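Please keep the sequence and the structure in view while reading.

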Amino acid sequence: MQMMSRNVLLNMELEEDDDEDGDIGDVPDSRRPFLAPHSLLPSDLVLENFDQTIVCSTFGPLENQQDFRTPEFEEFNGKPDSLYFTDGQRRIDFVLVYEDETKKETNKKGTNEKQRRKRQAYESNLICHGLQLEATRSVSDDKLVFVKVHAPWEVLCTYAEIMHIKLPLKPNDLKTRSPFHTLNWFTKVLSVNESVIKPEQEFFTAPFEKSRMNDFYIQDRDSFFNPATRSRIVYFILSRVKYQVMNNVNKFGINRLVSSGIYKAAFPLHDCKFNYESEDPNCPSERYLLYREWAHPRSIYKKQPLDLIRKYYGEKIGIYFAWLGYYTQMLLLAAVVGVACFLYGYFSQDNCSWSKEVCDPDIGGQILMCPQCDKLCPFWRLNVTCESSKKLCIFDSFGTLVFAVFMGVWVTLFLEFWKRRQAELEYEWDTVELQQEEQARPEYEAQCNHVEEERIPFTACGKCIRVTLCASAVFFWILLIIASVIGIIVYRLSVFIVFSATLPTNPNGTDPIQKYLTPQMATSITASIISFIIIMILNTIYERVAIMITNFELPRTQTDYENSLTMKMFLFQFVNYYSSCFYIAFFKGKFVGYPGDPVYWLGKYRNEECDPGGCLLELTTQLTIIMGGKAIWNNIQEVLLPWVMNLFGRYQRVSGSENITPRWEQDYHLQPMGKLGLFYEYLEMIIQFGFVTLFVASFPLAPLLALVNNILEIRVDAWKLTTQYRRMVPEKARDIGAWQPIMQGIAILAVVTNAMIIAFTSDMIPRLVYYWSFSIPPYGDHSTYTMDGYINNTLSVFNITDFKNADKENPYIGLGNYTLCRYRDFRNPPGHPQEYKHNIYYWHVIAAKLAFIIVMEHIIYSVKFFISYAIPDVSKITKSKIKREKYLTQKLLHESHLKDLTKNMGLIAERMGEVVDNSVRPKLE
C-alpha cells in the first residue's frame, strides 16, 4: 500500500530559477531518488520506495504557503564542548549553516526570499523524514544560523537496514596471534600507547535488520551507532531529500543547496578541540587522541593508529593512510639499495676513464666540437663539459643497471604484499562484501527509468553516446598537453641559440658558475621551470573539465564515480607530468642528423642535441626540478594555505570581548576538504610512485627522497585533517580503488622505460661494446681490453666545407680558422667511400641495445610473474578467518532464528492445546 503524506515541495513553475550549478539534482518528477518508507516516523511523512512514486502537496504562490515545519530556535547554552542539543540528550549528527536571508543585502530582487523558501521547504521535509532539527544563531556573527540535525533511534534503524550497514552481533572471541609476537619488545616502542588509545573490541557483524533487532549486540542505544555511522546515515538522507519542483522537475540534495549558496556549509562535528581534551565526560576526545598520538611531530616515529583513524574518519580515509604507511615502509628497502648504488657511483667516479679523457687538456681540451646551431653558435672545446661528465659518472655506472633490475622486482613485491595487507584490512574493517552493500548515488537514482524491469538511467545507445563524448573530451585535453610539450620543445630549440651566443664557453674563467652553467644546462633549467608552470595551469583547468565529464557520464555508485574520475584525471596528469621526461629520455638528441645535414623542426628550428656526456644528466635535472617543485607547491597548497586562511579568519572574528564559541561554530570556521576529497593526496603519491619507478635508472636517490617526503607527508596530512579541516563525512571503502590498477600499469611500463633509459639514454651499452669489441683488433689498436680512447672513438669527424644545403650560406664559415670538428655520432669520416653514413660501430651498438632490452625485459617480467603467482592476494590465515567468521555469524543468526521459531511454535501449541481443551471439555460434561 502506497504511503500518502504532506511532503513540502515548492512549486516554482512560474518563477525564475536562480540556481546556476548545473543539472545535478534536477530531475523530472517521474524520475526521483528513493527514500525507504519508515513506519515509525510521523504519519504526515512522505517517503519514496524503490518502486513507488510520491504524492506531493504542491502549493501555490510563495506568500500563501504556511505548511512549513521549521526547526525551533534555541540560545547557545554556554558549553563550548557540547555535542548535543540544548536539552543535553539528543546528539548532533550533522550541522547545516546558512546566512539569515532577512539580514542579507539583497543582490537581486526576490532572490533572498526564494532562497529562504527553498531552505524552509527542505528543512520541513527533513523533519517529515524523521530528523530532528534545532537552530542556533552564531555568537560572533548574527547573520549566521546553525541548524543542528539529530537522527532518532527509529530513523537510524530504518536507514541502517536500507544501507545494509553491518553492525555488531556478538563480541569476537577468536584469538589472533601476531606473527611477530617474538619481537613485541621492539614493536612496542614503535606502537601507540595502548593505555592512551585502547584497542577496539572485535565483533561478529551482520547487515542490520529491524525484524531481527534482538539478535544484535545492543547494550546501549546511544552507543550502538557510533558517531561516524550516524553521520553517514544522516548524510544519506540529506543528499536525497527534495526541496523544489519546477516545470515538473524535482530538485534535491544538500550538495546542490550548498553549491547554490542557500546553505553555506554542511558537515559533521569534530568531537573536541584538537589540543585539549573535552570537558564533557561522555566525550571520548578521539580528535585529541589522534592529534597527540598521530599528527603531533613527536609521534613521527610511531605506527599509525589505523583503527582509530578508521573509527573517526571512516574506512576511506583509513585505507588511504594504511596504503601510504605501507608504501613508505617498502620505500625503506628501495632507499637503502638506491643509496648504496649512488655511493658506488660516487666513490668509483675517480676510476671513470672516459670522464678523465673529457677533462684532460691534452685530449678533451684538443677536441674541437662542431657548433650545435646555425650561425650564432661558436665552436667549443670538449673539456667545457668536464664537470658534467664527472657528475654523470655517478649516475651512469654499473650500479644503475643493478638498481634498475632491483626496482623492477621491488615494485612487484610492493604491489603483491599490499594486496595481502589490504585483504587483512578488509577482514578487520568489515568491508569484504562492501560492493554488495553500496547504494546508488542519488544523481543516478534520480535519472533512472524502468527499462526491461531494470532501474537504469539511459538505454544502451545513450550510454554509448555518453562514453564516446567523454572519451573524446579526455582525448582532446591529452592532445592539448602534447601541444604544450611541443611548444616547450620549440622554446628549447630557439632559446638554446641565445644561450649559446651569450654564455661564455671558456672553462678557465674566474666565475665558478661558469663551470656548471653551460648552454645545455641553462636551456634545460629554464624549460623545466616553464614546463612546471604550464603543468600547474593546465591541471587547474582540467580538474573542472574532468568533473563535468564524469557528472555527464553518470556512474552508478560513489565508488564507480571516483574510479571513473580517477582514470580521467590520471591519464591527463600522466601526460602532464611525464611528457617532458619521456622527451628528454627517448627523443632528445636521437634524430638530429649531422652537421652537414641537420634535422629541422617545422622547417625552421634545428633539433637540439644532447650534451656530449648524454641526456641522462639532463633527465636527472628534469626529475629533480619537477619532483622538488611539485613537493614545494603541494606543501604550500596543502599546509600553508589552509593555515593562513584559518589564521586570517580568526583575526577577523576577534572583537573587543571574545565570546565562548560553540563546537559547531569552531568547526564551521575551519577549511572544507574540497569536492575531490582524497584524490589529490593519492595523485601526489602515485605521481611520485611513477617518478620512483619509471625513471629510477637515471636517479637512484629518488626512493630516498620519496621516503623522507612520505614520512613527513603522513604527519602533515594527519595534522591537516585533525587541525585545519572540517570533519569529512565518513565513507566506506574496501580498497584504494582505481589507483591499484594504475600502479600495476606503471609497474609494467617501468620495466620498459628503465631498460630503454639504460639502452638509449645512458652510454653504458656503447661503452661495453667498445670495451669488448672495439678496443682490441680487428677494430681497435689496443692489445688488451681497455676504455682508453673511448671518447675519440665515439666522436665522429666533420669537414666544415661539406655543408650540403646549396640554398643557404654555409653557417660555419667565418666562425674561426677551422677545417674539421667533431660531433656525437657513429658515422664514417669525410673521404670515406660512404662518408657520413653510419659505421659498423653504430650497428654493433644498435644490436647490443636491442638485445639488452629484450633480455632485461624478459628476465624481469619472468621474475615479476613468478612472484605474482607465488604470492597469493589473500593469505591462508585471512581466508580461514573470513570463512570461520562467516560460518559463526550464520550460525548465530540461525540459532537465534530457531529460538524464535521454537518460541513461536510453543505459543502456538499452547494456544491450540487451550482450544482443544475448551472444545473437548463440554463434550465430557
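## A buried tryptophan and its aromatic partner

Trp-153 counts as buried because its relative accessibility is 12%; buried means under 20% relative accessible area, exposed means over 50%, and partly exposed lies in between, for a 1.4 Å probe and protein chains only. Phe-224, at 8% relative accessibility, also counts as buried. The model is predicted, so local features need pLDDT of at least 70 and side-chain atom pairs count only at pLDDT 80 or more, while totals for chains, interfaces and linings use all residues. Residues are numbered from 1 along each chain as its sequence is written, and side-chain values use heavy atoms, with hydrogens and water left out.

A search of the whole structure gives 57 aromatic pairs. Rings of Phe, Tyr and Trp (its six-membered ring) pair if their centres lie within 6.5 Å; planes under 30 degrees apart count as stacked, over 60 as edge-to-face and the rest as tilted. The ring centres of Trp-153 and Phe-224 are 6.0 Å apart and their planes are at 55 degrees, so this pair is tilted. Trp-153 belongs to helix 2 (residues 153-162) and Phe-224 to helix 4 (residues 221-224), so the pair ties together parts that are 71 residues apart in sequence. Helices (H or I, at least four residues) and strands (E, at least two) are DSSP runs, numbered from the N terminus.

## A second pair, and charges over rings

Trp-772 and Tyr-785 form a tilted aromatic pair, with 5.1 Å from centre to centre and 55 degrees between the planes. Trp-772 lies in helix 23 (residues 764-774), and Tyr-785 lies in the loop between helix 23 and helix 24 (790-794). Trp-772 counts as exposed at 51% relative accessibility, whereas Tyr-785 is partly exposed at 40%.

A charge sits over a ring if NZ of Lys or CZ of Arg is within 6 Å of the ring centre and within 35 degrees of the ring normal. Arg-119 lies over the face of Tyr-98, at 3.7 Å from the ring centre. Lys-148 lies over the face of Trp-664, at 4.3 Å from the ring centre.

An open sheet of 5 strands has the order 4-6-7-5-12, with mixed pairing. Two strands pair if DSSP finds at least two bridges between them. Strand 4 (72-73) and strand 12 (265-267) are the edge strands, and each pairs on one side only. Strand 5 (residues 94-99) and strand 7 (residues 144-150) run antiparallel and are joined by 6 bridges. In strand 7, Phe-146 stands opposite Val-97.

Helix 1 packs on the sheet and touches strand 5, strand 6 (132-137) and strand 7; contact means heavy atoms within 4.5 Å. The direction of helix 1 makes about 160 degrees with that of strand 5. Axes are lines fitted to C-alpha atoms, for helices over the stretch in contact, and angles run from 0 to 180 degrees between N-to-C directions.

## Helix 1 in detail

Helix 1 (residues 111-128) has 18 residues, which at 1.5 Å a residue should span 26 Å; its end C-alpha atoms are 26 Å apart, which agrees. The expected span is 1.5 Å times one less than the number of residues. Just after helix 1, Gly-130 takes a positive phi of about 100 degrees.
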